[in-house]
Amino acid sequence: MKIGTASGKPTKSFFVRMITRDITLQDCILDLIDNSIDGAWEQEGSRPTTIEQNADLSSYAVDIKISSQAFSIRDNCGGITQREAENYAFTFGRDDDTVEMLEEQHEDFSIGVYGIGMKRAIFKIGRNIKVRSTYEDQEGTHAFEVPIEVEKWIKEKKWDFDILNGKPLKEPGTEIAISDLNGGVSASFGNKAFENRLRKIIARDYALHFLYGIRITLNGRPVRGWNITFLAGEGFEPFRDTIPLPDFEDEVRVELLCGMAAPPPDEIDPEETIDEEDRFGWYVACNGRFVLSADKTAMSGWGTEGWPGWHGQYNGFLGLVFFSSPNTELLPVTTTKRNIDPTSPVFRAVQPRMRELTKEWTSYTNVRKAQLEKAKALEDKAKPVDLKAIMQSQSLNLPKLERVQKPKELVANILYNVPLAQALAMGEAFGNRMMPYKHIGKKTFEYCYKHLVGKR
Amino acid sequence: MPSFDHVNYSLRPSKTIERLLAFDSIRLLMNALPLENMLYAGFGSIWFVDFHLAHKTLGLRDSVSIEADAIGYARAKFNKPFSTCGIYHGFSSAVIPKLLKSAAYKHRPWCLWLDYDYEFRKDVADEVRFCIENLPENSIFLITFSGKGDRYGNPTVRERNLRRILGDALDEDLELVSFDEELPHTLADSALTFMEDTATNLLRPGGFLEAFRLIYTDTSTMVTVGGVLPAKGSRVAAEAIINSDEWAGWDDEEIQAPLLTWMEASRLQQLLPREKRITKKEIRDMGFNLRADQLKSFAKYYRYYPYFAQIAS
């Protein structure tokens with residue numbers, strides 16, 4: 001017999017806290033850029049499922065401004081319609097009917113599946129928010145705005161947001177402006193190093209979209225997209241092929257590219273940064289957006305199940321896996337869209353091929369050590385080829401270097417300490433005051449040997 | 001060879017001007033923040049020039065000088081200017097953490113000026129990071145380091161070398177000139193960004209306020225940068241001071257003070273202050289001559305220009 005009712009009502013403040021917890025500030029901004037790019041593809045009518053020669057996003061622009069006082073992102077990617085705003089753009093999550101409707105309208109091949117990206121981002125960033133949209137339809141140009149004062153909204157009973165008449169933007173698109181920034185956000189946005197890091201990440205993670213011509217500016221300066229190239233020629237040829245997934249036929253398409261993006265290092269000095277540009281390793285893209293970048297960890301497979309663990313010797317290797325599907329739930333991406341779900345069936349299906357290709361590279365770098373001069377001569381002659389121009393090739397071609405069994409030479413490992421000032425002065429004498437100590441040691445030994453002992 | 005064996009720290013007009021600009025600014029901060037019991041700390045060497053200023057001009061009672069060289073330490077103890085000046089033997093990277101743990105120093109603001117003779121290298125970055133993370137609230141922190149190009153390798157490797165040390169604090173897409181003629185400015189801006197980034201990553205409640213940026217040249221170009229680590233409640237007051245017209249600790253131009261005789265400096269000073277630029281003709285009419293840049297520099301910094309005298313014994 002029912003004697004009462006235990007309330008199960010969610011509280012807004014709890015909800016806001018929970019959805020903003022598991023995402024970084026940088027990833028929030030990337031979520032908003034994703035929305036802009038989704039809008040651009042929608043305007044174009046379709047999104048390529050592979051690296052497409054003719055895709056063109058050059059008429060679209062995203063302008064981001066960050067400062068200790070405010071944040072804004074504005075695009076010309078078509079805007080949010082009033083119907084979209086009323087029905088799902090501002091909901092927390094998407095119900096099944098909405099998902100079905102979106103699929104029917106070919107709002108597919110996006111990356112957002114949980115319907116949470118924009119809300120999570122704006123609540124994470126600040127407390128005074130205004131979303132403006134301008135869009136066109138058969139009836140003309142329309143503009144609206146949705147102002148959100150977070151503290152006030154939290155206290156209200158309703159979950160809805162008011163849509164008001166708005167002043168049109170210059171072009172159809174969306175603008176999100178946020179002030180009264182949350183604690184920590186203000187300090188980060190006012191920090192030049194944060195801006196530099198954000199710029200680097202945008203350049204890397206949207207490399208494909210930059211290839212298609214999209215323009216993204218950050219604080220007035222254009223972001224220069226990373227120009228992805230592989231080296232080819234002299235026995236080097238990158239791998240490019242579609243990986244069949246019989247269990248997901250017609251639902252998920254996978255394209256894989258890998259090869260040498262730069263010659264491997266001659267030797268790795270522990271004092272040197274392993275990968276100064278942080279661009280080598282495996283990348284995984286879902287519907288065109290890199291969700292895993294320059295990965296050298298177990299996440300992409302390094303150091304697991306027959307894979308070697310990453311070592312600086314493998315610098316120069318670049319692997320790209322492109323997953324595309326109209327059904328985003330099948331893609332191996334987490335809710336933050338900044339990581340992959342390694343248990344995802346489609347990802348696990350591709351990993352063996354990734355492993356085989358990786359091992360071909362690691363094997364080459366091992367064999368190369370014994371034939372360094374020959375290898376370098378070939379590597380130096382290989383030429384960069386743009387991503388779009390890479391031909392289909394079902395094998396990763398690397399020069400066949402013989403495994404030379406060098407007679408074992410007895411070596412002595414010379415280690416000693418010297419006053420730092422002397423080491424720096426010696427580096428300076430060799431032309432680089434900041435020369436790694438290992439190099440100073442070798443050069444000083446070679447110099448002394450030449451002058452005191454003579455040629456070998 | 002320790003630098004005090006070949007550099008008399010009480011000379012160097014540009015360094016003197018830089019020091020006075022910094023102390024003028026620190027005095028302004030002392031009017032706005034609770035800094036009465038601030039400790040002054042740094043590398044006094046055997047001359048203690050800034051220690052004199054800290055005690056007599058700013059009224060800071062206690063000070064700490066750190067000396068790594070054994071002979072330098074003995075001479076520093078001999079030459080220490082005041083009874084409340086403590087001399088500590090060792091590298092700053094070892095001494096500062098110890099002092100910050102002591103009851104006498106851990107709860108009061110510091111004015112810490114680490115005046116390195118050398119370039120911004122990895123151990124400097126580590127020490128800066130430590131200080132930003134651990135100095136008590138309301139502390140003022142300055143560093144001085146070499147802005148000379150060849151200290152960072154030849155121009156083709158400088159960016160790589162600096163990126164290893166400064167990481168994201170160094171802007172992307174810098175032109176070659178940023179690592180050549182404009183290197184001191186690149187270093188100044190990047191070092192400040194490095195400091196701010198450290199404070200931001202730690203979420204220091206009051207953050208870090210960039211306040212000092214002075215590039216000067218006597219025999220060599222040096223860079224001084226620094227700021228304030230305010231308590232949360234002091235940030236607004238500190239910001240107001242730093243952004244005021246009176247603030248002298250920030251200069252986008254390089255300080256290159258001319259070496260003038262007492263007579264030359266006095267005659268020029270008699271013409272100042274004034275709105276109109278001193279012309280070379282005026283100088284020639286006085287009976288001597290100077291370059292235009294020397295005139296400009298003196299007119300800008302005459303209030304801080306040092307007069308050196310040699311006393312024959």
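Colleague: How many residue pairs are in polar contact between chain A and chain B?

Modeller: The count is eleven residue pairs, both residues at pLDDT 80 or more. A polar contact is a pair of N or O atoms within 3.5 Å; within protein, one must be able to donate a hydrogen and the other to accept it, and residues adjacent in sequence count only if both atoms are side-chain atoms. This is a predicted model, in which local features need pLDDT of at least 70 and side-chain atom pairs count only at pLDDT 80 or more, while totals for chains, interfaces and linings use all residues. Residues are numbered from 1 along each chain as its sequence is written, chains are lettered from A and ligands numbered from 1 in the order in which they are written, and side-chain values use heavy atoms, leaving out hydrogens and water.

Colleague: How many salt bridges does the rule find across the interface of chain A and chain B?

Modeller: The rule finds seven, each a side-chain nitrogen of Lys or Arg within 4 Å of a carboxyl oxygen of Asp or Glu. One salt bridge joins the side chains of Arg224(A) and Asp173(B), at 3.0 Å from N to O.

Colleague: And how do I read the size of an interface?

Modeller: The size is often given as the accessible area lost when the parts come together. Here chain A and chain B bury about 2100 Å² between them, with 43% of it on carbon and sulfur atoms; this is the area lost to a 1.4 Å probe, summed over both parts. In contact (heavy atoms within 4.5 Å) are 23 residues of chain A and 26 residues of chain B.

Colleague: How should I describe two packed helices?

Modeller: They are described by the angle between their axes and the distance between the axes. Helix 8 (residues 192-205) of chain A and helix 7 (residues 183-202) of chain B have axes that come within 7 Å and cross at roughly 90 degrees. These two helices are therefore roughly perpendicular to each other, the word for angles of 65 to 115 degrees.

Colleague: Which residues make the contact?

Modeller: Helix 8 of chain A gives Lys192(A), Ala193(A) and Arg197(A), and helix 7 of chain B gives Thr193(B), Glu196(B), Asp197(B) and Asn201(B). Helices here are DSSP runs of H or I with at least four residues, numbered from the N terminus.

How values were computed. Axes fitted to C-alpha atoms, helices over the stretch in contact; angles between N-to-C directions. Parallel < 35°, antiparallel > 145°, perpendicular 65-115°, else oblique. Buried area = accessible area lost by both parts, 1.4 Å probe.
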